Amino acid sequence: FVLRSPGAVSTTMLTNRTLLFDEETSEGTDGESVADELLINDAETTSNPVLIESKNAPEASPSEDPDKNSNTAKLTTDATPASSGTTAPSPGTDASPSPGITAPPSPNTVSSDRSSSASTSSTASTTSSTVSSPTSTAATTSSTSAPLNPLIEEENDFSELLKNTELTDFIIFSAYEPESAYFTTLPSMDSITLSCDVVIAAGSSASSISSSDIARMSPKEVLNCLSSLGHLPWPPSVTKSIWKAVKEKVDSLQDSTMLPIKRDEMLQLGTLLPAIAAYDSELLDMGRKNIDGISLLGRFRTLSSDDPAILNLIQLFITLNNISPSNPFTSTEAASLGQLLCGLREDQWRDLITPLVFSSILTEHLALLDCSVSATTSVHLATMLTTLYGSTANWTSSDLLSTGWMANTLSPVQLSQLTHHAMEGLTGQAVKHLSRQQLASLSHHQLSNLSPHAASFISREQLLPYTNMHRRRGIRAAGGEDEKLVDVMEDIESEMQMGDMKDMMTSPEPEPTGGVGAIYPSYQVLVCILVITVTFGL
């Protein structure tokens, strides 16, 4: 039969709710429990009446799945009246259920006897109650678009945020930068008194403190921190002021009974020793027993070889330790003196450094010096080099490299005999001390084989008044893109043009070959004249 309830359920819907009941009251023929389900289906808006299929519904057709239709009692309902909010009662149930609560199915609509269900399973008809009710299409649209609502709201909020004109005053990514306001509240260094712990914790960056910062420290803190202050990488321009500030704070450096400064204090003062040697050289004890501290001073290549105060230290060492031709330097003493050896006089180079000592300390110590010596001393040292290595024509790049600074003592003839492939062993310290005549003795092949570092030491004074075009090209090839050397070569080019013209108008003698130098034929000279005329004559 058909029960029509017009308008009773067309405005209310319960969505996707399944009620399971009487799970253990029904069992199919295969022994499985059959649950009575209450399915609530969403349906599109329609005015169809509620259809309730009776228990006497016709049997399922043979084409339908018997397992699917057997022993099930399905009630799909959405019968809540819009006016009262209550669920429509099923036939045979209590007519007054509680508002908002779905009434359980009636015993008349489900199988109540397990044995009866089993006996009639083969021919059991589908027992179900189906309730179809209209719903609103807006509900489907709302459920589909619901996940997008937070994104839309977020976009709207972001749009409003971008409209805020105050954001244009901010730098990009400023929101992720650390706070910097506290930098404006930092006290000035003039109002801070440093302690030794601060200096130690700062490490090498403590070399940025000034002499006034040390002057505000207590004498005890400076004394405790003497070793730390003496091992900081002070810039050469501030070592004098730092030393004076330290000296005023440490009583032992002012007490005449504690002077001169001996080995232990020298090792503590470390990087301040060059300033002491330059401004308070009389405070240093140059006795042989302090050779460890003296060796620390000799390692500093920044010691000026022209400073009389520093040069006098080596003379003080010779006097205090009775160094003489009969008692010359030992290998340890000569190596420890290091850069201080630049203060030796001509006769002292000859008499106090024996050939045995010379050969033993050449590569590791003498080659690292940076001295300016007289012509007489240069001849003596060059003789000792050729005695040790033989003729320069047979030197390898390793032999030349081992001489270091002392290669500048070789005569122009000896330099010109060096093979061009050995020139890569010539160091920058040696090139720096070459005279104009020595540099002019090198062929363009030799110059082009200099290392870029060595070529960068070539100065304007070494090239003036004239260096021929081939040698200039060799220097350019060796120096590459070194900015200083490029500037020097460009500056002198205009001054060299007249010399090039004069050189080409005469019949120049072949330049030193360096063992493999080339003699340019006359047609190449004519081509060079033509190029210069076209370039600078128009």
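Thr409 is buried in this predicted model, with a relative accessible area of 5%. Since the cut-off for buried is under 20%, the assignment follows directly. Thr409 sits in the loop between α18 (397-403) and α19 (412-416). From there, its side chain reaches the backbone oxygen of Met406 at 2.5 Å. What else is Thr409 in contact with, leaving aside its neighbours within four places in sequence? The residues are Val373, Ser378, Leu381, Ala382, Leu385 and Gln438.

I turn now to the aromatic residues. The structure holds two aromatic pairs. One of them is formed by Tyr389 and Trp395, in an edge-to-face arrangement, with 5.6 Å centre to centre and 80° between the planes. Are the two partners buried or exposed? Trp395 is buried, at a relative accessible area of 2%, whereas Tyr389 is partly exposed, at 24%.

The next topic is charge pairing. Side chains of opposite charge can pair when their charged atoms come close. In this model there are eleven salt bridges, and I shall present three of them.

Asp190 and Arg216 meet through their side chains in a salt bridge, at 3.9 Å from N to O. Asp190 is exposed, with a relative accessible area of 60%, and Arg216 is partly exposed, with 27%.

Next, the side chains of Lys247 and Asp280 form a salt bridge of 3.5 Å, N to O. This pair links distant parts of the chain, 33 residues apart: Lys247 belongs to helix α9 (residues 239-249), and Asp280 to the loop between α11 (273-279) and α12 (291-298). Lys247 counts as partly exposed at 24% relative accessibility, while Asp280 counts as buried at 11%.

Glu493 counts as partly exposed, at 25% relative accessibility; Arg472 counts as buried, at 3%.

Methods. Residues are numbered from 1 along each chain as its sequence is written. This is a predicted model: local features need pLDDT of at least 70, side-chain atom pairs count only at pLDDT 80 or more; totals for chains, interfaces and linings use all residues. Side-chain values use heavy atoms; hydrogens and water are left out. Helices (H or I, at least four residues) and strands (E, at least two) are DSSP runs, numbered from the N terminus. Buried means under 20% relative accessible area, exposed over 50%, partly exposed in between (1.4 Å probe, protein chains only). A polar contact is a pair of N or O atoms within 3.5 Å; within protein, one must be able to donate a hydrogen and the other to accept it, and residues adjacent in sequence count only if both atoms are side-chain atoms. Contact means heavy atoms within 4.5 Å. Rings of Phe, Tyr and Trp (its six-membered ring) pair if their centres lie within 6.5 Å; planes under 30 degrees apart count as stacked, over 60 as edge-to-face and the rest as tilted. A salt bridge is a side-chain nitrogen of Lys or Arg within 4 Å of a carboxyl oxygen of Asp or Glu.
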